[in-house]
Amino acid sequence: MRVAVARPLLRTFLYEGPEGVQLKPGQRLLVPLGNSKVLGFFLGWEERPPQASLKPIEAVLEEVPALTEEVYALVRFAAKHYRAPLGEALKTALPPGLNVPKPALPTKRRKPKPMPRIGEVLERPAQLSAEQREVLEVVLGGLGKGVYQAFLLQGVTGSGKTEVYLRVVEKALEQGMGALVLVPEIALTPQLSGRFEERFGQEVALLHSGMGEAERRFHFWALREGRARVALGVRSAIFAPIKHLGVVVVDEEHDNSFKQEEGLRYNAKDLALVRGQQAKATVILGSATPSLESLYNVEAGKMRLLHMRQRIYNRPLPDIQLVDLKALLAPPAQTPPPLTEPLLQACAREKLPTEAPSPPEALPLQESEEPTPEEVSLLTPALHKALEELLLSGQQAILFLNRRGYNRMWLCSSCGKTRKCRHCDICMSYHFKVQKLQCHCCGWSEALPELCEECGGTFLKLGFGTERIEEELTAAFPAARMARLDRDTSVSPRKLTALLERFSKGEVDVLIGTQMITKGHDFHGVTLVCMLLADMGLSLPDFRASERVFHLLTQVSGRAGRGERPGKVLLQTYYPKAEPIAYMLRRDFEGFARMEMARRKMLAWPPFSRVVLLRIEGKNPSLVERFSRQLACAALEAISRSPSNVRVLGPSSAPISKVSDKYRWQLFLKAPSYAALELPLCAVEQVVATLPNSIKVVIDVDPATML
Ligand code: ADP
Ligand code: ZN
């Protein structure tokens, strides 16, 4: 029999199989490999080659295969597409306890405790909005007809997308089918799982890594045995063993966290379309700001675009007000220059005041004089005023800053050197509470240095983190009830939930947080959202940097004004002219997407091309460099042998050139199609197989980040 072993080996093996046993593809086996016994997966029966002496397998580990036929087919596709070893890929699709070379443990029969509820219980609304009805009519039209259909649901934040998902799932259940709902984060959004459990009770199986292993196995078997028919989970739930799958939903489809960044580097959003096709199911990708990839698929006729442009009850989207941080640096202008006609128009369009503070274009600063972003407190006068008003009226605010800790960096005031992690090529962040410098890359922390190691100079302590803004706010508003939500304060799901619960009950006025507060929360008391420093992430060397900033800003601002009172957003930036920020101020996602699409096309970046990232890592920098060049040569040679439109970019040192003492180089292959990549990638893989063990090569197909 042909067997894939759960090891990082691209080849599969032949074993002697037991006579007269019925096996299904994907069935778990115990097989000998070298001196050990490992988990293997049955692939199929094969003629035994003449003269071959085959080892017999040790055992069949299960009578009922944990992997269903459908999931098995999906993993086979994924392993091929993402160029991962099949055995390892199959292992990825299994929950803990089943991904080991042992028989399955008996599972508990009792349903584990549901997630704690946050906020009011949201009843099934009796009436849908007109837009919800229209969308549902289209989607439900094809549901259960045994045909594949894919939709991109572009709906502004608060337009009631979740309610649409709930209704589609409800309908699928009524028709005897199952449903798969993927979300970026569950631990962060207990509200969402609450809504599903409220509606579907025992039918819901939650799948995410914040749960205990026994719990995860319970939910897995509940689905496998058909006791639960709705899987709600993070990316790994794409492999959930759902019976008669009728609908697949991917919420916040633009989110990066659908991409797995190790082992089988799959993107669950892309696999959702594959799985939907295989199961002849309905697929809905939803977002307020769809990814360019999905918009491209709409243009290519692979998906149908559905819009929801209004918030529920026609609640207004929050007003966005620009706070130009540069203006706070500029010397007090005697008389602001008069506004020219185009500027006046721009101001009217963006609802900016036409008096001071003057709009960005009128500022006297040159690009080269651009100050470092550290010189202004992020608790700006505009924010101060907005908070004052907010606190008086008893409403709530969310302040977003995508960096934890106190200072972003320490820089020597005499030699200018920044304090870096000794294991990584990045600046250490200062954490006030623990009085340490910490590396946000590898977690290394060290005692605070008094003076610069190089020259004995003193340090400038630069940049804002959530800890620092919390301190400034507490000093400015001693009576306000503040809370901070980041990886330092929310170390466990329980702490996180407790904090969100306090906020939802109105026991916290101002919530300061990192990316963790941006995802899908629905707090009706929030009327003010401030993006303390919107520029963050703009200058990353990644072709998706702008797109990502736009998504993030939309997500964060979408948290405001979801209740009865309208919301307001303050967008603080040093760089109002940056495209994502300028378009955001105009609320023009379509314009942004058009502009970004044109640029991608011109530079032939995805979605107009296929990209594979090769990252070469090792402790010895010169070896890493040498082998990177060797891989690039192998690719180039393969391309020259059969001329195609494939381009090799690099090799070069990676943007973060060292992580955990390993040096990193990278190169990209860019091609018009996956097929064109086949030959160069095979050539690269052949070289990789000959490299010493001290060198690790990551092959990332459709990488989500270029860093
Ligand atoms: P989105 O996912 O588009 O951001 P949600 O689905 O979270 O929006 O809906 C926003 C709010 O509106 C939620 O509080 C939800 O309970 C409520 N809501 C959704 N649909 C309706 C409806 N038809 N009638 C009343 N309230 C609704
Ligand atoms: Zn480090």
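**Ligand 1 and its surroundings in a predicted model**

Ligand 1 is surrounded by 20 residues, and the closest of them are Gln-127, Gln-132, Gly-158, Lys-161 and Asp-522; a residue is near a molecule if one of its heavy atoms lies within 4 Å of it. This is a predicted model, in which local features need pLDDT of at least 70 and side-chain atom pairs count only at pLDDT 80 or more, while totals for chains, interfaces and linings use all residues. Residues are numbered from 1 along each chain as its sequence is written, chains are lettered from A and ligands numbered from 1 in the order in which they are written, and side-chain values use heavy atoms, with hydrogens and water left out.

The shell around ligand 1 consists of six nonpolar, nine polar and five charged residues. In this division Ala, Val, Leu, Ile, Met, Phe, Trp, Tyr, Cys and Pro count as nonpolar, Asp, Glu, Lys and Arg as charged, and the others, Gly among them, as polar. Helix H4 (residues 161–174) gives the largest share of this shell, three residues; helices (H or I, at least four residues) and strands (E, at least two) are DSSP runs numbered from the N terminus.

Several polar contacts, pairs of N or O atoms within 3.5 Å, involve the ligand. An N or O atom in the side chain of Asp-522 is 2.5 Å from an oxygen atom of ligand 1. A polar side-chain atom of Arg-562 lies 3.2 Å from an oxygen atom of ligand 1, and for Ser-159 a backbone N or O atom lies 3.2 Å from a ligand oxygen. Taken alone, ligand 1 exposes 560 Å², of which the protein buries 89%; such areas come from the Shrake-Rupley method with a 1.4 Å probe.

Ligand 1 takes up space in the second largest pocket, where a molecule sits in a pocket if more than half of its atoms lie within 2 Å of its grid points. On a 1 Å grid over the protein atoms alone, a pocket is an open set of points where a 1.4 Å probe fits, with protein on both sides within 12 Å along at least five of seven lines, and lining residues have an atom within 4 Å of a point. The pocket's volume is about 1000 Å³, the space filled by probe spheres set on the points. Its lining has 43 residues, with Gly-158, Gly-160, Arg-195, Ile-312 and Asp-522 nearest its centre. Helix H3 (130–142), H4 and helix H5 (190–200) each give two or more residues to this lining, and H5 gives the largest share, four.

Turning to the backbone, a cis peptide bond with omega about 5 degrees joins Pro-606 and Pro-607.

Methods: Polar contact = N/O pair within 3.5 Å; in protein donor to acceptor, adjacent residues only side chain to side chain.
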